[in-house]
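Here is a short tour of a protein model for someone meeting it for the very first time. Have a look at the picture, then read on.

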Amino acid sequence: MKCMKQAIILCLLLGGCDISIGDGGTPIVARCGMTFDPAPALLEATEAAATRWSAATGCDVRVEAGGVPVRFASAEERGGHQAAAVRNRVTGEWSVGVAPSLLRWTAETLLTHELGHVLGCLGHTTDGLMAETTTLYAPIDASALDCVCSSLACALFAPEL
Ligand SMILES: [Zn+2]
């Protein structure tokens with residue numbers, strides 16, 4: 001059923017990444033802020049990623065109940081990749097799923113990448129944090145900000161580089 005389909009952005013550390021964006025790629029966010037609601041074990045990594053995006057964009061990116069869910073997800077839900085940002089075609093709602101086995105530092109890098117998708121970067125950049133093949137500890141670079149701020153109403157443009 002069409003209503004069950006989801007647009008999926010699958011991202012893989014040190015590997016390939018498949019993208020499928022629904023609804024014609026229309027901007028999802030036209031405001032300067034977003035909240036994420038992580039599972040307890042992902043709280044630290046999600047807060048770290050949110051804090052980095054807040055500093056880079058000048059937007060209010062934070063952890064709060066009722067925000068975009070960030071949770072552990074099965075390999076099937078992740079499309080076999082280590083992390084995925086998934087947008088429901090019908091509701092437009094996002095969720096972020098990561099592998100239960102991810103170490104904290106891996107989770108922070110991947111969550112920073114996935115949060116970037118939710119915040120407004122619907123594709124990938126040629127290199128850096130928002131590249132298909134991101135690298136551990138990748139900073140929020142200018143190309144990542146360009147991509148995110150194409151949809152998010154960024155108040156700042158302050159790459160970590
Ligand atoms: Zn990605």
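H1 passes H2 in a right-handed crossing, meaning that the near helix is turned clockwise from the far one, by less than a right angle. On the H1 side the contact includes Ala-45, Ala-49 and Trp-53, and on the H2 side it includes Leu-111, Leu-115 and Leu-119. Two residues are in contact if their C-beta atoms, placed from the backbone, lie within 7 Å.

Before going further, a word on what you're looking at. This is a predicted model, where local features need pLDDT of at least 70, side-chain atom pairs count only at pLDDT 80 or more, and totals for chains, interfaces and linings use all residues. Residues are numbered from 1 along each chain as its sequence is written. The pLDDT is the predictor's confidence in each residue, from 0 to 100. Its mean for the protein is 84, and 81% of the residues reach 70 or more. Take care with residues 1–29, though: the pLDDT there is below 50, and the stretch has 61 contacts in the model beyond near neighbours in sequence.

Now the overall layout. The protein has three helices and six strands, and along the sequence they follow the pattern β-β-α-β-β-β-β-α-α. Helices (H or I, at least four residues) and strands (E, at least two) are DSSP runs, numbered from the N terminus. Of the contacts with a separation of 6 or more, 67% are between residues 24 or more positions apart.

What about the inside? Of the 161 residues, 40% count as buried. Buried means 20 or more other C-beta atoms within 10 Å of a residue's own, exposed means 12 or fewer, and partly exposed is in between, with C-beta atoms placed from the backbone. The largest nonpolar core has 38 residues, and Leu-111 and Leu-119 have the most contacts inside it. Such a core is a set of buried Ala, Val, Leu, Ile, Met, Phe, Trp, Tyr and Cys residues joined through C-beta atoms within 7 Å. H2 gives the most to this core, with six residues. Leu-111 touches residues including Ala-45, Ala-49, Val-70 and Val-96.

| Pair | Apart in sequence | C-alpha distance |
|---|---|---|
| Met-34 and Gly-67 | 33 residues | 7.5 Å |
| Ala-83 and His-113 | 30 residues | 9.4 Å |
| Ala-155 and Gly-58 | 97 residues | 4.9 Å |

Met-34 lies in strand E2 and counts as buried, with 24 C-beta neighbours inside 10 Å. Ala-83 is in strand E5 and is buried too, with 28 such neighbours. Ala-155 sits in the segment after H3 and, with 14 neighbours, counts as partly exposed. Its contacts, leaving aside neighbours within four places in sequence, are Cys-32, Thr-57, Gly-58 and Cys-59.

Finally, is Tyr-137 buried or exposed? Tyr-137 is exposed, with 11 other C-beta atoms within 10 Å. You'll find Tyr-137 in the loop between H2 and H3, and its phi is near 65°, a positive value in a residue other than glycine.
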